[in-house]
Amino acid sequence: MFNSGFRSRRANDGTGVIATQNQFVQTQSPVPTITSWYVSGSSETALNPAGGETVTVVGTGFATGVSMTLGGTTVSPVTYISPTQVTFTSPAKSGGTYALVMYNTNGAGAILTP
């Protein structure tokens with residue numbers, strides 16, 4: 001009787017074999033989720049149209065190198081604090097409601113809609 005299952009394969013160095021169970025181990029990349037935001041040192045729920053305020057974004061799955069846009073305007077720099085917190089300085093925007101979009105370097109993203 002023939003075994004039609006999976007076979008081991010050669011390791012990258014060409015001298016050993018990789019066990020079958022290790023061939024299918026997947027790495028999990030963080031997927032960001034935005035739960036809230038606040039203006040540091042203020043109880044305001046709106047940003048100043050002139051910009052320049054430090055905004056803290058709270059959530060999960062944030063990674064170093066995260067990038068953000070606010071209403072289509074690229075926010076830079078974004079400071080990574082922890083996997084649950086990043087900060088940025090608000091850009092100048094006219095009054096209105098805007099979506100906050102965040103991307104990790106692996107391409108996973110999150111949107112906080114007003």
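**View 1. Val 78 and what it touches.** Leaving out residues up to four places away in sequence, Val 78 touches Val 66, Met 68, Val 86, Thr 87 and Phe 88; contact here means heavy atoms within 4.5 Å. Before going on, note that this is a predicted model, where local features need pLDDT of at least 70 and side-chain atom pairs count only at pLDDT 80 or more, while totals for chains, interfaces and linings use all residues. Residues are numbered from 1 along each chain as its sequence is written, and side-chain values use heavy atoms, with hydrogens and water left out.

**View 2. The largest nonpolar core.** Val 78 turns up again here: the largest nonpolar core has 14 residues, and those with the most contacts inside it are Val 57, Met 68, Val 78, Val 86, Phe 88, Leu 100 and Met 102. A nonpolar core is a set of buried Ala, Val, Leu, Ile, Met, Phe, Trp, Tyr and Cys residues joined through side-chain atoms within 4.5 Å. Buried means under 20% relative accessible area, exposed means over 50%, and partly exposed is in between (1.4 Å probe, protein chains only). S4, strand S5 (67-70), S8 and S9 are the elements that give two or more residues to this core. In soluble globular proteins, nonpolar side chains tend to be buried together.

**View 3. The four-stranded open sheet.** Here the strands line up in the order S3-S4-S8-S7, with antiparallel pairing. Two strands pair if DSSP finds at least two bridges between them; the strands (E, at least two residues) and helices (H or I, at least four) are DSSP runs, numbered from the N terminus. At the edges sit strand S3 (33-39) and strand S7 (78-82), each pairing on one side only.

**View 4. Strand S4 and its partners.** On one side, six bridges join S3 to S4; five bridges tie strand S4 (residues 54-60) to strand S8 (residues 85-89). Look for Val 55: Val 39 stands opposite Val 55 in S4, and Val 55 in turn stands opposite Phe 88 in S8. One place along, Thr 56 stands opposite Thr 87 in S8.

**View 5. Ser 90 in its loop.** Ser 90 is found between S8 and strand S9 (100-103). With a relative accessible area of 4%, Ser 90 counts as buried.

**View 6. Val 31, out in the open.** This valine lies in the loop between helix H1 (20-23) and S3. Val 31 counts as exposed because its relative accessibility is 52%. Setting aside neighbours within four places in sequence, Val 31 is in contact with Thr 60, Gly 61 and Ala 108. Val 31 and Asn 106 are 75 residues apart in sequence, yet their C-alpha atoms are 8.7 Å apart in space.

**View 7. Zooming back out to the chain.** There are one helix and ten strands, running β-β-α-β-β-β-β-β-β-β-β from the N terminus on. Of the 114 residues in the chain, 27% are buried. Among contacts between residues at least 6 apart in sequence, 48% join residues at least 24 apart.
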